[in-house]
Amino acid sequence: MDLNKMSIADIVDAANRGELTADGYKDIICKDGTVLRLVVLGTHHDVMEDGNTATITFGIRDCLPGIEKCMNDSWTNEGESQLERWLNEEWVNNLPDELLSRIVPVKKKTAHSGLDSTIDERLCRAFLPSEIEVFGKNYYSSAGEGRQYDHFKDWHNRVKSVYGESGDWWSLRSPYSGDTNIFCIVYYSGCYSYSGAYDSYGVSPCFAIN
């Protein structure tokens with residue numbers, strides 16, 4: 001199924017008929033002229049505020065081109081990060097209107113901090129995936145941050161580029177369990193890794209639509 005030949009509405013209809021599978025892609029042009037390739041991470045995966053599941057969760061195939069950002073401008077992994085707020089309040093509005101009008105906030109679960117495994121639940125229009133949503137298990141993170149997207153079951157899809165090279169490090173929203181200033185990241189080869197909240201890495205946002 002060639003999603004580039006379909007409107008967003010038609011893609012949603014195909015997903016509701018059970019005809020859309022993970023890994024399908026669609027190229028879009030953002031309002032600032034940036035070209036992004038969206039990939040289907042999964043269907044009927046993320047939960048909306050009313051308890052129903054959103055039809056499709058999209059991710060960016062690689063990272064936002066030429067952009068590296070830190071999670072916070074201070075050494076902390078507690079609560080909502082500055083990067084998450086930027087995605088929700090600014091970045092998402094750069095998407096084309098046809099897509100933006102279909103985005104629905106979904107409930108994303110994240111440990112409150114590396115030393116407090118209490119799960120915070122936030123409604124997000126755009127978000128970073130958690131460690132378990134990418135790798136299918138908790139390695140450096142706390143339990144309870146969701147479940148793996150179908151797209152990431154193939155490890156090749158965990159390798160992402162920022163500058164068009166073979167792979168770069170990119171950020172996850174999961175605090176590193178047992179430490180106050182470290183977040184989980186994905187190593188350039190697609191493996192588990194971690195780094196400080198003030199270190200800058202690639203950004204690969206996700207969002208859900210109906």
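**View 1. A hairpin joins β1 and β2, with Gly33 in the turn.** In this predicted model, the hairpin of β1 and β2 has 5 residues between its strands, and Gly33 takes a positive phi near 95° there. Strands here are DSSP runs of E with at least two residues, helices are runs of H or I with at least four, and both are numbered from the N terminus. β1 and β2 pair in the antiparallel sense over 5 bridges; two strands count as paired if DSSP finds at least two bridges between them. Look for Ile29, whose bridge partner in β2 is Val35. β1 also has two faces: Lys26 and Ile28 make up the covered one, while Tyr25, Asp27 and Ile29 make up the uncovered one.

A quick note on reading these views: residues are numbered from 1 along each chain as its sequence is written, and side-chain values use heavy atoms, leaving out hydrogens and water. As the model is predicted, local features need pLDDT of at least 70 and side-chain atom pairs count only at pLDDT 80 or more, while totals for chains, interfaces and linings use all residues.

**View 2. Four strands line up in an open sheet.** The order is β1-β2-β3-β11, with antiparallel pairing. β1 (25-29) and β11 are the edge strands with a single partner each, so one side of each has no neighbour in the sheet. From one strand to the next, the twist averages 35°. Further in, 5 bridges join β2 to β3, and these two run antiparallel. Val40 is a handy landmark, standing opposite Phe58 in β3. Strands of a sheet pair through backbone hydrogen bonds, either parallel or antiparallel.

View 3. Axes are lines fitted to C-alpha atoms, for helices over the stretch in contact, and angles run from 0 to 180 degrees between N-to-C directions.

**View 4. The largest nonpolar core has 34 residues.** Ile56, Trp91, Leu95, Phe207 and Ile209 have the most contacts inside this core. A nonpolar core is a set of buried Ala, Val, Leu, Ile, Met, Phe, Trp, Tyr and Cys residues joined through side-chain atoms within 4.5 Å. Buried means under 20% relative accessible area, exposed means over 50%, and partly exposed is in between (1.4 Å probe, protein chains only). Elements that each supply at least two residues include α1 (8-16), β2 (35-43), β3 (56-60) and β11 (206-209). α1 gives the most, with 5 residues. Zoom in on Ile209: beyond its neighbours within four places in sequence, its contacts (heavy atoms within 4.5 Å) include Ile8, Val12, Ile56, Phe58 and Leu99. There is also a second, separate core of 20 residues, with Cys63, Tyr149, Trp170 and Cys184 among them.

View 5. Rings of Phe, Tyr and Trp (its six-membered ring) pair if their centres lie within 6.5 Å; planes under 30 degrees apart count as stacked, over 60 as edge-to-face and the rest as tilted. That rule gives 13 aromatic pairs. Tyr187 and Tyr188 have ring centres 4.4 Å apart and planes at 50°, so this pair is tilted. Tyr187 is partly exposed at 28% relative accessibility, and Tyr188 is partly exposed at 41%. Elsewhere, ring pairs link Phe135, Tyr139, Tyr140, Tyr176, Tyr192 and Tyr194 into a cluster. As for the lysines, Lys69 lies over the face of Trp86 at 4.5 Å from the ring centre, and Lys160 lies over the face of Trp170 at 5.1 Å. Being over a ring means that NZ of Lys or CZ of Arg is within 6 Å of the ring centre and within 35 degrees of the ring normal.

View 6. Most residues other than glycine have a negative phi. Asp23 is not a glycine, yet its phi is positive, about 95°. Find Asp23 in the loop between α1 and β1, partly exposed with a relative accessible area of 42%. His44, also not a glycine, has a positive phi of about 50°. His44 sits in the loop between β2 and β3 and is partly exposed at 33%.

**View 7. Asp168 is a buried loop residue.** Its loop runs between α4 (131-135) and β7 (170-175), and its relative accessibility is 13%. Leaving aside neighbours within four places in sequence, Asp168 is in contact with Lys160, Ser161, Val162, Tyr163, Val186, Tyr187 and Tyr188. Asp168 and Gly190 are 22 residues apart in sequence and 8.8 Å apart in space, C-alpha to C-alpha.
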